[in-house]
Amino acid sequence: MSPKRIYNFNAGPAALPQTVLEEIQKDFLNFKGSGMSITEVSHRSKWFDEVINDAVARVKRILKLDARYQVLFLQGGASMQFAQIPMNFLDDTRTADYVNTGTWSTKAIKEAKLLGKKIQVVASSEDRNFAYIPKNIKFTPGATYVHITSNNTIKGTQWANYPDTGDAPLVADMSSDIFSRPFDASKFGLIYAGAQKNMGPAGVCLVVVRDDLLKLEAQNLPTMLKYSTHAKENSMYNTPPCFSVYTVQLVLKWLEETVGGLDKMAAINQKKADLIYNLLDTSGFYRGTADKDSRSQMNVTFRLPTEDLEKKFIAEATASDMGGLKGHRSVGGCRASIYNATGVKAVEALVDFMKSFEKKNG
Ligand SMILES: *Cc1c(COP(=O)(O)O)cnc(C)c1O
């Protein structure tokens with residue numbers, strides 16, 4: 001008998017497609033006739049080679065990357081990238097622009113400064129507790145890159161359109177919205193994303209990096225912190241997180257073959273987000289925390305009239321098999337994370353629950 005599964009609104013680690021979990025389960029003891037589990041095969045084996053090569057090919061295809069881009073699977077999470085990016089690409093002669101849109105951007109800025117790098121925070125939405133994405137930003141001419149956080153997991157905001165940065169390549173933390181919608185990757189010099197929000201289990205960070213940035217790489221860095229080390233070795237300079245890469249590969253296969261690609265995924269995500277935001281907008285009870293033009297399609301953040309009602313809401317939701325609705329501990333309130341693997345059915349169930357909770361308590 002399969003165990004009962006809840007509607008999972010976790011912010012990360014987060015829901016994975018059930019069919020992917022079932023495929024992992026089915027193949028777990030004997031991967032592709034190897035007589036071993038994927039967690040037991042050598043990363044130098046043909047079995048793992050096929051996995052990582054397929055994962056890389058799918059990333060390139062889904063994001064429509066041209067030959068200038070390398071696809072890497074690294075460890076240390078997105079948080080390691082906060083340091084690794086300025087370490088590699090900035091020196092005494094180069095500066096970068098950062099846009100501060102929340103907790104994760106703030107951390108990226110802090111790491112660059114810790115390293116003594118010359119960076120400018122060219123825009124910030126801190127004045128209103130990061131409830132919006134700044135507009136009409138003046139970027140620094142000649143900046144080596146412009147760093148943004150494409151989706152702000154904690155504050156519930158997302159760039160609807162990426163800014164025009166002229167000649168400076170965008171560098172983006174896409175941890176919580178990669179593969180949720182199509183975008184023009186050619187504006188980006190580097191994209192990074194921890195897997196555990198929208199593409200897999202924790203333990204691996206996807207990095208897509210373009211050769212013009214790779215060329216700027218500092219020489220005096222530890223081997224493991226140079227992108228070129230991993231680019232030369234197809235992410236197998238050392239042992240990669242094999243299980244995480246394997247799961248990402250299966251999720252990308254699901255995205256391409258079951259969902260039907262990014263356009264289809266984006267339409268589903270739009271539908272899910274609309275369901276919840278329409279409720280927030282027509283309710284005098286729930287209140288969205290992000291400005292309308294800056295709302296995230298991945299993390300819907302909202303408040304109830306009182307903190308006591310929020311506690312009750314989360315407790316009753318949990319009792320109704322809906323998990324992960326508590327806001328981040330730094331901001332409180334409620335948050336529904338509706339990543340790719342959280343289906344329309346789950347969101348419909350949540351909206352029904354929210355309506356009946358409002359009726360009883362509003
Ligand atoms: C979760 C998250 C991170 C942190 O990721 P780790 O892999 O835990 O380091 C960074 N940025 C964003 C936008 C996130 O959502």
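**Exercise 1. Is Phe28 buried, exposed or partly exposed, and what is its relative accessible area?**

Solution. The model is a predicted one, in which local features need pLDDT of at least 70, side-chain atom pairs count only at pLDDT 80 or more, and totals for chains, interfaces and linings use all residues. Residues are numbered from 1 along each chain as its sequence is written, and side-chain values use heavy atoms, leaving out hydrogens and water.

Step 1. Buried means under 20% relative accessible area, exposed over 50%, and partly exposed in between, with a 1.4 Å probe and protein chains only.

Step 2. Phe28 has a relative accessible area of 32%, so this residue is partly exposed.

**Exercise 2. Describe the aromatic pairs of the structure, beginning with the pair of Phe28 and Phe243.**

Solution. Step 1. Rings of Phe, Tyr and Trp (its six-membered ring) pair if their centres lie within 6.5 Å; planes under 30 degrees apart count as stacked, over 60 as edge-to-face and the rest as tilted. The structure contains 18 aromatic pairs.

Step 1. Between Phe28 and Phe243 the ring centres are 6.4 Å apart and the planes stand at 90°, so the pair is edge-to-face. Phe28 lies in the loop between helix H1 (18-27) and H2, while Phe243 belongs to helix H7, 215 residues apart. Helices (H or I, at least four residues) and strands (E, at least two) are DSSP runs, numbered from the N terminus. Phe243 is partly exposed, at a relative accessible area of 29%.

Step 2. The rings of Tyr98 and Tyr145 have centres 5.9 Å apart and planes at 65°, so they too are edge-to-face. Tyr98 is in strand S3 (residues 96-100) and Tyr145 in strand S5 (residues 145-149), 47 residues apart. Both Tyr98 and Tyr145 are buried.

Step 3. A cluster joined by ring pairs consists of Phe285, Tyr286, Phe302, Phe313, Phe353 and Phe357.

**Exercise 3. Determine whether the length of helix H7 agrees with expectation, and how enclosed H7 is.**

Solution. Step 1. The expected span of a helix is 1.5 Å times one less than its number of residues.

Step 1. Of the 18 residues of H7, 13 are buried, so the helix is largely enclosed by the rest of the structure. Just after H7, Gly260 has a positive phi of about 105°.

**Exercise 4. State the strand order of the open sheet and locate S9 within the pairing.**

Solution. Step 1. Two strands pair if DSSP finds at least two bridges between them. The open sheet has seven strands in the order S2-S10-S9-S8-S5-S3-S4, with mixed pairing. Its edge strands, S2 (69-74) and S4 (119-124), each pair on one side only.

Step 1. S8 (residues 170-173) and S9 run parallel and are joined by four bridges; Ala172 has Ile191 of S9 as its bridge partner. S9 pairs with S10 (residues 205-210) in the antiparallel sense over five bridges, and Tyr192 has Val207 of S10 as its partner.

Step 2. Seven of the seven residues of S9 (residues 188-194) are buried, so this strand is largely enclosed by the rest of the structure.
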